[in-house]
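The stops below are given in the order in which to select them.

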Amino acid sequence: GVGLLMVVLLCAAAVGLVLANSVLVGHAALRERGTIALSLCLLACALAGLGSATYGWQVYALFALGGLGFGAAPVLNAALARLVPTREQGRVQGTKLMLSTVGSVLGALVLDGIYARTVCDHLENGSWAAQNECPLAGAAWWCAGGVVFLGAALCVALPHDFSAPPGRAGA
């Protein structure tokens, strides 16, 4: 029944994480920029989908899709480690961690505020009434997906080539 479906979908989410960390990240044909952008797009789609999910199985399926989005972090770390001089590694990683922390705090505050203003506690999620009386009930998830998609767009739009450190010939 439903319990079996949840287990299968949780396993699919785990497989998504494994794929993100081994197949997608390690695939030689994908350049780092493309891998980061693709991973962030998949994560953005999963987050936006969570705002529209009306059944539990959809949430688990979106977790599996979102698992592929976690491939961006290891690829970005590898690119930074290769592109930044050894003496600057601590500063770069510290800055990255600081930005992540600030984003986590601000994101929680902003998205919580959006959620508090758009949630409809009095209606059952997935019901006809919830879909028609609360059209913005998933706005916090949609905003989170939009921010991640913006990161993917910036990754594609920025002119730097991740294939070689500055001063060396590109691959």
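A salt bridge here is a side-chain nitrogen of Lys or Arg within 4 Å of a carboxyl oxygen of Asp or Glu. The model is predicted, so local features need pLDDT of at least 70 and side-chain atom pairs count only at pLDDT 80 or more, while totals for chains, interfaces and linings use all residues. Residues are numbered from 1 along each chain as its sequence is written, and side-chain values use heavy atoms, with hydrogens and water left out.

Select R91 and E88. Their side chains form a salt bridge, at 3.5 Å from N to O, and the structure holds one such bridge. R91 is exposed, with a relative accessible area of 61%, whereas E88 is partly exposed at 30%. The classes are buried for under 20% relative accessible area, exposed for over 50%, and partly exposed in between (1.4 Å probe, protein chains only).

Next select V84. This residue sits in the loop between α4 (72-83) and α5 (89-118). Helices (H or I, at least four residues) and strands (E, at least two) are DSSP runs, numbered from the N terminus. Is V84 buried or exposed? V84 is buried, because its relative accessibility is 17%. Leaving aside neighbours within four places in sequence, V84 is in contact (heavy atoms within 4.5 Å) with Q89 and V92.

Now show α5 together with α7 (residues 139-157). The two helices pack at an angle of about 150°, with axes 8 Å apart; axes are lines fitted to C-alpha atoms, for helices over the stretch in contact, and angles run from 0 to 180 degrees between N-to-C directions. The pair is therefore roughly antiparallel, a label for angles over 145 degrees. At this contact, L111, I114, Y115 and T118 of α5 meet A139, A140, C143 and A144 of α7. The residues of the contact are seven nonpolar, one polar and no charged.

Move on to the largest nonpolar core, which has 15 residues. Such a core is a set of buried Ala, Val, Leu, Ile, Met, Phe, Trp, Tyr and Cys residues joined through side-chain atoms within 4.5 Å. Select I36, L40, L47 and V148, the residues with the most contacts inside this core. Two or more residues come from each of α2 (32-52), α4 and α7, and α2 gives the largest share, seven residues. Centre on L40: beyond four places in sequence, L40 touches A72, V148, G151 and A152.

Finally, zoom out to the whole chain. The secondary structure comes to seven helices and zero strands.

Key. Angles under 35 degrees count as roughly parallel, over 145 as roughly antiparallel, 65 to 115 as roughly perpendicular and the rest as oblique. Ala, Val, Leu, Ile, Met, Phe, Trp, Tyr, Cys and Pro count as nonpolar, Asp, Glu, Lys and Arg as charged, and the others, Gly among them, as polar.
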